[in-house]
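Colleague: I am new to this structure and would like to learn how to read its features. Could we go through them in turn?

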Amino acid sequence: MNSLRVFLEKNNVDNIENKIAALESYMIGILRWNEKVNLTAITDEREFIRKHFIDSLLCCSSSEFLSAETVIDVGTGGGFPGIPLAVCFPSKKFLLMDSLAKRIKIVNELCDECGIRNVTAVHGRAEELARQKDMREKFDICVSRAVANMSTLSEYCLPFVRKGGTFIAYKGPDCSGEIEEAEGAIEILGGRVARIETPEVDETDFQHRLVYVAKEKETPMAYPRKPGKPGKEPLKR
């Protein structure tokens, strides 16, 4: 856990040892469950720390994240990036969602086991949950490491973000063309690509680029479209 400790120290996270203990317990639980349910292809603990914990925390020093009170993680899978962010920032409220009920059941059970109190995990599709009054445009920040093209991912995520909030997408290192193609869709959904960051982290060579999308207007009620359509027919200008 030393690489995680170094990262947290550099990013001015407090109460580090207690947070590392909670994350270690969560990792052990995920790897235990992974023998029965496919949660992660990463089973080596050192790789797990680098590719799930440190990678998930790459946005933690941004002004957008630091000023946020409410965060939603769309397509959380085994709880990433939501759980590491929630453990390290317990004053923020997190909602984690995924379309597979088994994953959500496990995340909720592990949060109980590890004493993670600022997380609620719900089962559902983004296309349906984003139409609920208590979730639509209610969050300061949306984060997602889900595997989908930027246009599709924006249609899943931006409807959850309040006007003035931010969607932070974790994308691969070669995402420039994909983002350029998605700019029209992002504009339709009420957003604008504010910046793209390539965090330099000594502790990992697994690099995501962080795409910060500012929510400037309300998302039209036509979006997100019916379940399945954003993935099959990515939105274009």
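Colleague: Which residues are linked with Glu47 in a network of salt bridges?

Modeller: A salt bridge is a side-chain nitrogen of Lys or Arg within 4 Å of a carboxyl oxygen of Asp or Glu. Here Glu47, Arg50 and Lys51 are linked in such a network. This is a predicted model, where local features need pLDDT of at least 70 and side-chain atom pairs count only at pLDDT 80 or more, while totals for chains, interfaces and linings use all residues. Residues are numbered from 1 along each chain as its sequence is written, and side-chain values use heavy atoms, with hydrogens and water left out.

Colleague: How many salt bridges does the structure hold?

Modeller: The structure holds 16. One of them joins the side chains of lysine 19 and aspartate 14, at 2.7 Å from N to O.

Colleague: Is lysine 19 buried or exposed?

Modeller: Buried means under 20% relative accessible area, exposed over 50%, and partly exposed in between (1.4 Å probe, protein chains only). Lysine 19 has 6% relative accessibility, so lysine 19 counts as buried.

Colleague: Which parts does the pair of glutamate 113 and arginine 32 tie together?

Modeller: Helices (H or I, at least four residues) and strands (E, at least two) are DSSP runs, numbered from the N terminus. The side chains of glutamate 113 and arginine 32 meet in a salt bridge of 3.4 Å, N to O. Glutamate 113 lies in helix H6 (residues 101-114) and arginine 32 in helix H2 (residues 16-33), so the pair ties together parts 81 residues apart in sequence.

Colleague: Where do glutamate 137 and lysine 215 lie?

Modeller: Their closest N and O atoms are 2.9 Å apart, in a salt bridge. Glutamate 137 is in the loop between H7 and strand S4 (139-144), and lysine 215 is in strand S7 (residues 209-215), 78 residues apart. Glutamate 137 counts as buried at 18% relative accessibility, and lysine 215 counts as buried at 2%.

Colleague: What volume does the largest pocket have?

Modeller: Rolling a probe the size of a water molecule over the atoms shows where empty space is left. On a 1 Å grid over the protein atoms alone, a pocket is an open set of points where a 1.4 Å probe fits, with protein on both sides within 12 Å along at least five of seven lines; lining residues have an atom within 4 Å of a point. The largest pocket has a volume of about 730 Å³, counted as the space filled by probe spheres set on the points. Of its 31 lining residues, the closest to the centre are Gly75, Gly77, Arg145, Ala146 and Val147.
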